[in-house]
Amino acid sequence: MSEQIVLFDLASKEPRSCWSLNPWKTRMLLNYKGLDYRTEWVEYPDIQPTLSPHLPPNGIDVPYTIPTIRLPSGTYVTDSRKIAAALEEAHPSPPIHLDSPTLAKLEDLMRRIMVALQPVYIPLVPKRLLNEASLPHWHSTRPRWVGTSSIDEYERMNPASEAWDRAENFLKEVTGLLKAQADGPCFLGREVSYADFVWAGFLIFLRRMGEDVLEEGLRRSGDKEVHEALLKGLEPWTKRCDY
């Protein structure tokens, strides 16, 4: 088998680069650990045909998901958290502190934030990021998830400003976690951890949807500078985003 890891990532409009928060977690981790990998870009309707010969379906509504990686052994691992555990076991240095209490708190906040912000990203992803090949899939699946007949209807019924209102306190809690270590810029101070990849992946997701979206997220966070400092600190591992 090839010694190279394959990262299955979601395709986007040109200039094509990583955009979704979950693949970003895995990409930053691969970059941080200095592992050799290549990217295989996948449109939404091609995810299941690409992965189903190699993996059983997940026990959730979405049977196959991105990110997935293929290890040099030929083994496929799916789900960003499971990928992190597998890579940490195989390549423990530098460590990413998956047992950090801060990570557990952040992951809980992330779930709340992503639910609150559905009215922001569900309409914007197809408008600003997806190729034509993925649009029918998005427009057929996401309304079903949120209980409306169409994304347009969902957008009309759920103003983005109200979604940001619901997310604001959670965003400020993340700011508190990030400021808890005074020597920053990371969640564990000067030491990089997986928590940084989780949050930076979200911030880059906002930025990929538009600078206006990122700016609103930073404004609602209560202290934009600490989040910008985190992104700056992680630049060595976010520069590689398009191959």
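How many residues apart in helix 10 are Arg-219 and Glu-216? They are 3 residues apart, so about one helical turn separates them. This is a predicted model.

**Salt bridges**

The structure holds 17 salt bridges. Three of them are listed here.

| Pair | N to O distance |
|---|---|
| Asp-223 and Lys-179 | 3.0 Å |
| Arg-219 and Glu-216 | 2.8 Å |
| Arg-220 and Glu-216 | 2.8 Å |

**Within helix 10**

Glu-216 pairs with Arg-219 and also with Arg-220. Arg-220 and Glu-216 are 4 residues apart in helix 10, so about one helical turn lies between them too. Arg-219 has a relative accessible area of 54%, so it counts as exposed, the cut-off being over 50%. Arg-220 has 8% relative accessibility and is buried, because buried means under 20%.

Salt bridges with shared partners extend the picture. They join Asp-165, Glu-168, Lys-172, Glu-216, Arg-219 and Arg-220 into one network.

**Between helix 8 and a loop**

The side chains of Asp-223 and Lys-179 form a salt bridge at 3.0 Å, N to O. Asp-223 sits in the loop between helix 10 (211-221) and helix 11 (224-233). Lys-179 belongs to helix 8 (residues 160-179). The pair therefore ties together parts that are 44 residues apart in sequence.

Lys-179 is partly exposed, at 45% relative accessibility.

How values were computed
Residues are numbered from 1 along each chain as its sequence is written. This is a predicted model: local features need pLDDT of at least 70, side-chain atom pairs count only at pLDDT 80 or more; totals for chains, interfaces and linings use all residues. Side-chain values use heavy atoms; hydrogens and water are left out. A salt bridge is a side-chain nitrogen of Lys or Arg within 4 Å of a carboxyl oxygen of Asp or Glu. Helices (H or I, at least four residues) and strands (E, at least two) are DSSP runs, numbered from the N terminus. Buried means under 20% relative accessible area, exposed over 50%, partly exposed in between (1.4 Å probe, protein chains only).
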